[in-house]
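Subject: Structure handover

Hi,

Here is the structure for you to look through. My notes on the side-chain contacts follow below it.

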Amino acid sequence: MLPKPKFTALDDALYNYLLAHRSPDDEVVRELREETARLGDWAVMQIAPDQATLLRILVAAIGARRAIEVGTFTGLSALAIARGLPPDGRLLCLDVSEEWTAIARRAWAKAGVADRIELRVAPAAETLRSLPQEPPFDFAFIDADKKGYPVYWEEIVRRLRPGGLIAVDNVLWEGEVVQPEQRGEDVVAIRRFNELVLADRRVESVMLAIADGLTLARKLP
Ligand SMILES: C[S@@+](CC[C@H](N)C(=O)[O-])C[C@H]1O[C@@H](n2cnc3c(N)ncnc32)[C@H](O)[C@@H]1O
């Protein structure tokens, strides 16, 4: 007989416990979360606190020096990635919003990591296609418009070093990926993207049940 599936479902109490048992956020992160919350409904776009910690740890663990992010918003994920880099490391951030990324720039300056980050405000597909193939990236985070994911994935996998990591957010789409009656364009795009990753022989990948689901993929040598 197969063993019982092994996972622990989260409720609010357990999630709060989990948040409290990770390395604590500092003042810059707390202020950035508060400022983002004041944007109202848009604030849901910000990554979860535990995802930020995870990104920082992953970047540092693989010794990444060059990183790229698609979808910056008010800058929390970029702040986490930049903090995982060494002082001479570089993060390239892609977003279309001057307004939201202005908040990001202020937070990065306060955290003392602004000199590690270059922000390009333009549609990400255009920017990605214009990037040289070399030198490669060590780490990438994709968290922008869902229909764009396949293009972002392809342009980034080509430019990732063997052994490099790509993290992709929202791959469970609040559970709708397994609800066939859900046919909204975002969930349809996410389902297609998840199949594309599964079929991509250049990487090995796993879906983590953190926040709205995070795919972590490693480019094979
Ligand atoms: C979910 S938010 C990113 C959240 C961010 N990672 C964080 O930690 O707060 C998605 C972002 O993607 C950006 N975006 C949407 N379409 C885009 C496109 N075509 N090119 C670049 N950025 C885009 C939006 O402006 C928005 O800031």
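Start with arginine 65 and aspartate 88: their side chains meet in a salt bridge, 2.6 Å from N to O. Arginine 65 sits in the loop between α3 (49-61) and β1 (66-70), and aspartate 88 in the loop between α4 (76-84) and β2 (90-95), so the pair ties together parts that are 23 residues apart in sequence. Helices (H or I, at least four residues) and strands (E, at least two) are DSSP runs, numbered from the N terminus. Arginine 65 is partly exposed at 41% relative accessible area. Aspartate 88 is partly exposed too, at 48%. Here buried means under 20% relative accessible area, exposed over 50%, and partly exposed in between (1.4 Å probe, protein chains only).

Before you go on, please note the ground rules. This is a predicted model: local features need pLDDT of at least 70, side-chain atom pairs count only at pLDDT 80 or more, and totals for chains, interfaces and linings use all residues. Residues are numbered from 1 along each chain as its sequence is written, and side-chain values use heavy atoms, with hydrogens and water left out.

Salt bridges

A salt bridge is a side-chain nitrogen of Lys or Arg within 4 Å of a carboxyl oxygen of Asp or Glu. By this rule there are 15 salt bridges. Arginine 120 and glutamate 118 make one of them, at 2.8 Å from N to O. Arginine 120 is partly exposed, with 30% relative accessibility. Glutamate 118 is also partly exposed, at 41%.

Glutamate 154 bridges to arginine 158, with the closest N and O atoms 3.0 Å apart. Both lie in helix α7 (residues 149-158), four residues apart, which means about one helical turn between them. Shared partners extend this: salt bridges join Glu154, Arg158, Asp200 and Arg202 into one network. Glutamate 154 is partly exposed at 25%. Arginine 158 is partly exposed at 44%.

Aromatic rings

Rings of Phe, Tyr and Trp (its six-membered ring) pair if their centres lie within 6.5 Å; planes under 30 degrees apart count as stacked, over 60 as edge-to-face and the rest as tilted. The structure has four such pairs. One of them is phenylalanine 73 with tryptophan 100, edge-to-face, 5.0 Å centre to centre with 75° between the planes. Phenylalanine 73 is in the loop between β1 and α4, and tryptophan 100 in helix α5 (residues 98-111), so this pair ties together parts 27 residues apart in sequence. Both phenylalanine 73 and tryptophan 100 are buried.

Tryptophan 153 and phenylalanine 193 also pair edge-to-face, at 5.7 Å between centres and 80° between planes. Tryptophan 153 is in helix α7 and phenylalanine 193 in helix α8 (residues 185-199), so distant parts of the chain, 40 residues apart, are linked. Tryptophan 153 is buried at 0% relative accessibility. Phenylalanine 193 is buried, also at 0%. Finally, Trp42, Phe73 and Trp100 form one aromatic cluster.

A charge over a ring

The charged end of arginine 66 sits over the ring of phenylalanine 137, 4.5 Å from the ring centre. The rule: NZ of Lys or CZ of Arg is within 6 Å of the ring centre and within 35 degrees of the ring normal.

Best wishes
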